[in-house]
Amino acid sequence: ANVATEDGIRAMTEAALNLGGRVDILVNNAGVTHLPSPMEEVSEADFDRILAVNCKAIYLAARTIVPLMKAQKSGAIVNIASTAGVSPRPRLSWYNASKGWVITATRAMAVELAPFGIRVNALNPVAGETPLLASFMGEDTPEMRAKFLSTIPIGRFSTPEDLGNAACFLASDEASMITGVAMEVDGGRCI
């Protein structure tokens, strides 16, 4: 389903309800970026795509999923933001701004939804071994990887397992008192 459309969100929700009868956890994981460029050179089409996927998809998912969670008086939402929303890098301005929006939206959602038993948190991953890595770096060369890795004290990129484990924790009962946080999963990059 296209997560940037209301029909896509409805289709995703119907599929989840058909499988389990309810929605207890929502992870807003879709994300896109633009190639590293001066901010004034990013095309309007790229800007619109970034906002549609990184921001509007969360809004659309909330419009569909939050009423279900309110009715059951429980739920956990995990939004995937980025270290870029905390510690922006040059030449990725509009991506950085979209992830800052995700962090603020997470906090706003947490305050509003807590009385309904719904917790909302975010994860801020550092760049990882995903298809977006080359886009963040501009080019995928050993030199660019070394430069990027030099900014991560742990000395490696994030993995899907790193993010999955953190998301599982935030969505679990063990995190029942945690809402409104934007947790860095970044090997120390934002310190």
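Start with the lining of the largest pocket: its residues divide into 18 nonpolar, 11 polar and 4 charged. Keep in mind that this is a predicted model.

**Stop 1: the largest pocket**

Select Ile80, Pro125, Val126, Thr130 and Leu132. Of the 33 residues that line the largest pocket, these lie nearest its centre. The volume of this pocket is about 600 Å³.

Next, colour helices α3 and α6, the latter covering 160–171. Each of them supplies at least two residues of the pocket lining. Which helix gives the most to this lining? Helix α6 does, with 4 residues.

**Stop 2: α2 against α3**

Now select residues 44–72, which form helix α2, and residues 93–113, which form helix α3. Their axes come within 9 Å and cross at roughly 15°. Angles under 35 degrees count as roughly parallel, so α2 is roughly parallel to α3. The crossing of these two helices is right-handed.

Show the side chains where they meet. On the α2 side, pick Phe47, Ile50, Asn54, Cys55, Ile58, Ala62, Val66 and Lys70. On the α3 side, pick Trp94, Tyr95, Ser98, Lys99, Trp101, Val102, Met109 and Leu113. How many residues of each class make up this contact? The contact of α2 with α3 has 12 nonpolar, 2 polar and 2 charged residues.

**Stop 3: α1 against α2**

Is the crossing left-handed or right-handed? Helix α1 passes α2 in a right-handed crossing.

Show this contact too. Helix α1 brings Glu6, Ile9, Arg10, Thr13 and Leu17. Helix α2 brings Ala57, Leu60, Ala61, Arg63, Thr64, Ile65 and Leu68. Colour them by class: the contact of α1 with α2 has 7 nonpolar, 2 polar and 3 charged residues.

**Last look**

Key
Residues are numbered from 1 along each chain as its sequence is written. This is a predicted model: local features need pLDDT of at least 70, side-chain atom pairs count only at pLDDT 80 or more; totals for chains, interfaces and linings use all residues. Side-chain values use heavy atoms; hydrogens and water are left out. Axes are lines fitted to C-alpha atoms, for helices over the stretch in contact, and angles run from 0 to 180 degrees between N-to-C directions. Angles under 35 degrees count as roughly parallel, over 145 as roughly antiparallel, 65 to 115 as roughly perpendicular and the rest as oblique. A crossing is left-handed if the near helix is turned anticlockwise from the far one by less than a right angle, and right-handed if clockwise. Contact means heavy atoms within 4.5 Å. Ala, Val, Leu, Ile, Met, Phe, Trp, Tyr, Cys and Pro count as nonpolar, Asp, Glu, Lys and Arg as charged, and the others, Gly among them, as polar. On a 1 Å grid over the protein atoms alone, a cavity is a set of points where a 1.4 Å probe fits but cannot get out, and a pocket is an open set with protein on both sides within 12 Å along at least five of seven lines; lining residues have an atom within 4 Å of a point. Grid points are joined across faces, edges and corners, and a volume is the space filled by probe spheres set on the points.
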